[in-house]
There are 2 protein chains.
Amino acid sequence: LSVSIAVDAMGGDHAPGVVVRGAVRAAQEFSDLELVLVGPEGEVRRALDETGWRGDSIRIQDAPEVIGMGESPIEALRKKRRSSIAVALANVQQGAARAFVSAGNTGACVAAAQLLLRPLEGVKRPGILVTITAGEKPFCVCDVGANIQPRPEHLAQYGVMSSVFTRKVLGVPEPNVGLLNVGEEEAKGNDLVKTARSLCETALSGTSNSRFHGYIEGDELFSGICDVVVCDGFSGNVLLKVSEGLAERLSKLIGEALMGSVKRAAADPVLAGQLASLVKGTLGELRSTIDYSEFGGAPLLGVDGTVIIAHGRSDPNAIFNALRVARRMVETNVNAEISERLAR
Amino acid sequence: LSVSIAVDAMGGDHAPGVVVRGAVRAAQEFSDLELVLVGPEGEVRRALDETGWRGDSIRIQDAPEVIGMGESPIEALRKKRRSSIAVALANVQQGAARAFVSAGNTGACVAAAQLLLRPLEGVKRPGILVTITAGEKPFCVCDVGANIQPRPEHLAQYGVMSSVFTRKVLGVPEPNVGLLNVGEEEAKGNDLVKTARSLCETALSGTSNSRFHGYIEGDELFSGICDVVVCDGFSGNVLLKVSEGLAERLSKLIGEALMGSVKRAAADPVLAGQLASLVKGTLGELRSTIDYSEFGGAPLLGVDGTVIIAHGRSDPNAIFNALRVARRMVETNVNAEISERLAR
């Protein structure tokens with residue numbers, strides 16, 4: 001049985017080249033994939049030809065328009081009816097593809113998915129999940145921006161959807177789900193989390209498929225206690241972007257500190273060379289640890305179809321990982337189990 | 001003219017020793033300081049004697065009870081009427097001291113300050129400001145947890161109060177104030193920030209003492225664009241704690257990566273020695289960059305008195321810095337200018 005995925009070939013900072021190379025790698029690795037690269041036909045064709053790909057599991061579908069990373073999502077979708085995002089998602093809407101992957105404008109992908117795809121049965125509001133890898137072990141955050149002002153029941157549903165995702169896709173046997181708060185005592189928090197707490201408890205406990213940890217604070221996220229943390233999309237977005245901004249800044253600081261030492265050791269060329277290679281290795285390790293795109297992009301959970309939004313800065317490896325995760329979500333029937341859990 | 005500061009001698013993980021040593025350093029450095037160390041008299045006396053201090057600008061005031069770091073603030077304040085926090089703050093309430101400094105239970109300090117001190121004239125709700133030093137340049141965040149569900153006008157007041165603080169205490173000539181959001185376009189955000197935006201604009205523009213940047217996202221904070229970012233206490237707390245947790249985790253990761261290299265270089269003792277000193281230097285630099293306690297603790301802005309809450313892990317240097325900032329706030333009349341700006 002094959003898994004068909006519609007790929008926005010024009011998404012991200014280095015499209016279509018990076019996207020097409022990632023797609024070709026996925027097609028080489030997984031023989032059951034059928035990929036549709038969606039974008040301006042000539043441009044995508046040239047990018048595909050450049051890879052030397054000769055197989056028949058990748059085809060190109062023309063979409064003449066492109067939504068830029070900085071465009072206002074709703075306006076862009078209204079004006080550009082034949083954008084690569086809209087045309088690719090229409091494949092999922094019509095059943096011609098099971099999944100959609102894009103490294104493009106996140107807002108436009110989320111808005112288009114909500115316009116074109118039905119909500120998954122039982123789901124009130126979709127949420128974006130990201131996996132942050134910098135902790136003692138990776139943890140997932142849901143939502144990071146699809147739902148800025150959620151109701152308490154949305155947070156409980158995010159807990160269920162995220163626990164299904166982490167169990168089936170990341171292989172965590174019994175995901176421990178925390179509710180983001182400013183303290184761990186019962187009395188802490190805003191009205192949203194105080195109401196959401198018991199709803200999460202009910203939705204996540206009493207099954208062997210998930211656990212509810214209770215409240216968790218921002219600094220504890222990185223200590224490996226929880227596999228999932230749920231929160232409103234405003235806080236989740238702050239959490240994600242602060243992590244990205246700080247990690248980038250610290251990488252730079254560390255690089256500068258280390259390079260300063262390399263320069264001071266320049267009188268001894270052997271030592272300087274060894275230090276320089278050490279610096280390079282450490283920074284590379286650090287970057288791959290903090291780069292969440294390594295973990296396969298961000299699924300939009302709760303729509304009837306598999307939707308993965310990769311980082312705009314994705315390289316071919318990140319695109320490959322997004323396709324790998326999309327394939328895995330389809331094969332393991334994540335959506336069917338979400339609907340089943342929520343129907344209880 | 002002297003500046004009198006009441007110090008909670010029992011606050012923090014290593015009280016009273018660390019607090020007393022920081023206080024002695026401040027008394028040595030600033031001849032205009034008059035410090036009152038508040039705590040169980042015998043214990044504080046012994047700690048002071050251990051420093052060898054012989055001056056007359058430090059006195060001890062007995063407070064037999066101590067509120068622990070993990071205690072529930074309101075309950076602890078009700079049960080322990082003679083806690084070091086309550087007794088020290090009573091000095092400010094009664095005009096015997098101008099400022100209060102504690103490295104103790106943050107919630108108890110905030111609650112006690114709100115109970116005992118009047119709000120500053122014109123201020124609707126106090127807010128906690130922290131300075132984060134990891135960016136291209138330091139930036140201040142207000143609020144980080146005193147006001148979990150603010151109204152839009154509170155955020156505008158935080159902008160004004162923080163800009164007075166950064167100008168007078170940190171010496172930023174015309175602080176640029178941003179409003180934390182999930183994007184920079186006008187249409188983005190929850191109801192709170194959408195309403196707060198124009199209030200901030202009105203409160204911060206049209207004066208040479210501050211500027212309003214508009215919305216700012218979490219990752220941009222570290223690029224040095226804004227001197228101040230205002231936000232609800234929930235998001236601000238997430239921002240602060242995620243920064244602390246991630247910075248600590250990355251320090252650990254980098255330390256491990258570098259120590260691994262040291263071990264691999266063990267066959268060459270000169271290289272290994274150089275690497276080890278490099279590791280130490282880099283990590284030390286990193287830690288002092290990310291440690292916000294270096295910047296003098298967190299003022300609770302908007303109460304009639306100067307209140308500074310230092311980190312529970314403060315060392316004598318951090319206590320010294322908190323006292324230095326408290327003194328500076330008093331000397332530069334931060335509160336008078338806040339009231340004047342808000343009265344306009």
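**Strands, helices and salt bridges**

User: Which strand does β7(B) run parallel to, over 5 bridges?
Analyst: That is strand β8 of chain B, residues 211-216. One point first: this is a predicted model.

User: Which residue stands opposite B:V177?
Analyst: B:F212 in β8(B). The chain gets from β7(B) to β8(B) through helix α7 of chain B, residues 191-204. That β-α-β crossover is right-handed.

User: Which other strand pairs with β7(B) in the parallel sense?
Analyst: Strand β9 of chain B, residues 228-230, over 3 bridges. There, B:L179 stands opposite B:V230.

User: How many residues of β7(B) are buried?
Analyst: 5 of the 5, so the strand is largely enclosed by the rest of the structure. Buried means under 20% relative accessible area. Both faces are covered. B:N176, B:G178 and B:L180 lie on one side, with B:V177 and B:L179 on the other.

User: What about α6(B), how many of its residues are buried?
Analyst: 16 of its 17. The helix covers residues 152-168 of chain B. From first C-alpha to last, α6(B) reaches 25 Å, close to the 24 Å expected.

User: Switching to chain A. In what order do the strands of the open sheet come?
Analyst: β3-β2-β1-β4-β11-β10-β5-β6-β9-β7-β8, which makes 11 strands with mixed pairing. The edge strands are β3 and β8 of chain A, and each pairs on one side only. From one strand to the next, the twist averages 25°.

User: What does "pairing" rest on?
Analyst: Strands of a sheet pair through backbone hydrogen bonds, either parallel or antiparallel.

User: Do β5(A) and β6(A) run parallel or antiparallel?
Analyst: Antiparallel, joined by 4 bridges.

User: Which strands does helix α1 of chain A lie across?
Analyst: β1, β2 and β3 of chain A. Helix α1, residues 17-29, runs at about 170° to β2(A). Helix α2 of chain A, residues 41-50, lies across β2 and β3, at about 160° to β3(A).

User: New topic. How many salt bridges are there over all chains?
Analyst: The count comes to 32. One of them joins the side chains of A:R327 and A:D32, at 2.9 Å from N to O. A:R327 lies in helix α10 of chain A and A:D32 in the loop between α1 and β2, so the pair ties together parts that are 295 residues apart in sequence.

User: Are A:R327 and A:D32 buried or exposed?
Analyst: Both are buried. They also belong to a network of salt bridges with A:E331.

User: What does A:R313 meet in a salt bridge?
Analyst: A:E248, at 3.4 Å from N to O. This pair links distant parts of the chain, 65 residues apart. A:R313 sits in the loop between β11 and α10 of chain A, and A:E248 in helix α8. A:R313 is exposed, with a relative accessible area of 51%. A:E248 counts as partly exposed at 48%.

User: And which residue of chain A does B:E136 meet in a salt bridge?
Analyst: A:R249, at 3.1 Å from N to O. The pair crosses between chains. B:E136 is in the loop between β5 and β6 of chain B, and A:R249 is in helix α8 of chain A.

User: Is A:R249 buried or exposed?
Analyst: Buried, because its relative accessible area is 10%, and buried means under 20%. B:E136 counts as partly exposed, at 43%.

How values were computed. Residues are numbered from 1 along each chain as its sequence is written. Chains are lettered from A and ligands numbered from 1 in the order in which they are written. This is a predicted model: local features need pLDDT of at least 70, side-chain atom pairs count only at pLDDT 80 or more; totals for chains, interfaces and linings use all residues. Side-chain values use heavy atoms; hydrogens and water are left out. Buried means under 20% relative accessible area, exposed over 50%, partly exposed in between (1.4 Å probe, protein chains only). Helices (H or I, at least four residues) and strands (E, at least two) are DSSP runs, numbered from the N terminus. Two strands pair if DSSP finds at least two bridges between them. A crossover is right-handed if, with the strands pointing away from the viewer, the path from the first strand over the helix to the second runs clockwise. The expected span of a helix is 1.5 Å times one less than its number of residues. Axes are lines fitted to C-alpha atoms, for helices over the stretch in contact, and angles run from 0 to 180 degrees between N-to-C directions. Contact means heavy atoms within 4.5 Å. A salt bridge is a side-chain nitrogen of Lys or Arg within 4 Å of a carboxyl oxygen of Asp or Glu.
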